[in-house]
Amino acid sequence: MSATTLQATGKRGAKAPARKRPAIVAWAGYAVVLLVLGIFALGSPYFLQWENVASVLNQAAVFGIAGIGLAIVIIAGGDDILEGGIDLSIGATAGLAGTVTAVAAAAGTGALAAVLTGLAVAAALGVLNGAAVVLGLRPLLATLATMGIATSLELVVSDNIKVALDGGVFLWLRQGSFAGLPASVLLLATATFVAWWALGNTSWGVNNYAVGQNATAASIAGLSAARYRFSSYVISGVLGGIAGVLLASRLSAAVPGIGGQILLDIILVAYMSTVFSRRLVVNIPGTVVAAIFVAGLANGLTLLGIASQWVGAAKGILILLVLAVVVVRGRNTAK
């Protein structure tokens, strides 16, 4: 298969032969998610109130945007947790970008300049990750090292204290809306559409999948695995930065160490997206559904009166239940 063939395939992506109708079990992931959210809705009259739904979506936007970046890294690098594409620094990148933005805004640079400064720092971390991986370092170890760098820089830049972030565009990101939708949801929708369209309808997207699934075959076909993987880390860094600015805006402050607190959820939503894929692969729409589910879990458990010390355990059990669907579906597909 030549690169030209792959590109041609990409252009025909939307016109691919019709797939067989998936078995009922293929929808089991969605069914479990709806069941859990339905229980929350029946258990608490506040769960489906628009103010609460908006709160869940605002939180999901942070996980979703950063998760999309991580999903692109996994798609281009393969889903092997040890050898494939992974970006452990994305949470720390989000935290550093939010902190740099807050510090710059506090210094009077203006909102736009502050945001661009934060995103530039996030992109630089993405470049560092991409360069390290292209040079042959294992992504797991390279991004772990970058996570340490970003975490330390966050403490240095903020003096390990909370930095207030309010007013102007940051207030709009927290409270603003357009056509009835919160600003953060609009950002998530935009990022989702662009990533989904690019991965499914362009040669760049098809080639990313080709490189991630079989780098050797892709190289023989003339594709540069290094180029696609490098760019995936840069994109991940920028999206992590956007998520960081959004998170700091939502909290009205950059909080030191916040990146470490959201890392697990970001990784979870990216890998959990396989539950919502007919081919059991990491994908963009599934990442967004997973982000909403994970954000809704914490919110729903709190509304049901689950003690805070048990929220993490209950959340983990429910997530394991959803992920078990992958195993069932995998066995069903293999038969």
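Visitor: Is Ile306 buried, partly exposed or exposed, and why?

Guide: This is a predicted model. In it, Ile306 has 32% relative accessibility, so Ile306 counts as partly exposed; buried would need under 20% and exposed over 50%.

Visitor: Where is Ile306 placed?

Guide: Ile306 is in the loop between helix H13 (284-303) and helix H14 (308-334).

Visitor: What lines the largest cavity?

Guide: The lining has 13 residues, and those nearest the cavity centre are Gly244, Ala248, Ala254, Val255 and Ile258. By class, the lining of the largest cavity comes to 8 nonpolar, 4 polar and 1 charged residues.

Visitor: Which helices and which strand supply at least two residues each to that lining?

Guide: Helix H4 (90-106), helix H11 (225-251) and strand E4 (253-254) do.

Visitor: And which residues line the second largest cavity?

Guide: Asn58, Leu173, Arg174, Ser184, Leu246 and Arg250 line the second largest cavity. Helix H7 (168-175) and H11 are the elements that give two or more residues to this lining. Its classes are 2 nonpolar, 2 polar and 2 charged residues.

Visitor: What does Arg174 form a salt bridge with?

Guide: The partner of Arg174 is Asp166, and the closest N and O atoms are 3.2 Å apart. A search of the whole structure finds 1 salt bridge.

Visitor: Is Arg174 buried or exposed?

Guide: Arg174 counts as buried because its relative accessibility is 19%, and the cut-off for buried is under 20%.

Visitor: Different topic. Where is Thr192?

Guide: Thr192 is in helix H8 (residues 183-201).

Visitor: Why does Thr192 count as buried?

Guide: Thr192 counts as buried because its relative accessibility is 15%, against the cut-off of under 20%.

Visitor: How are Thr192 and Ile68 separated, along the chain and between C-alpha atoms?

Guide: Thr192 and Ile68 are 124 residues apart along the chain, and their C-alpha atoms are separated by 7.3 Å.

Technical notes:
Residues numbered from 1 in each chain as written. Predicted model: local features only at pLDDT ≥ 70, side-chain atom pairs only at ≥ 80, totals over all residues. Heavy atoms only, no water. 1 Å grid on protein atoms, 1.4 Å probe; cavity = no way out; pocket = protein on both sides within 12 Å on 5 of 7 lines; lining within 4 Å. Helix = DSSP H or I, 4+ residues; strand = E, 2+ residues; numbered from the N terminus. Nonpolar A, V, L, I, M, F, W, Y, C, P; charged D, E, K, R; others polar. Buried < 20%, exposed > 50% of the residue type's maximum accessible area, 1.4 Å probe, protein only. Salt bridge = Lys/Arg side-chain N within 4 Å of Asp/Glu carboxyl O.
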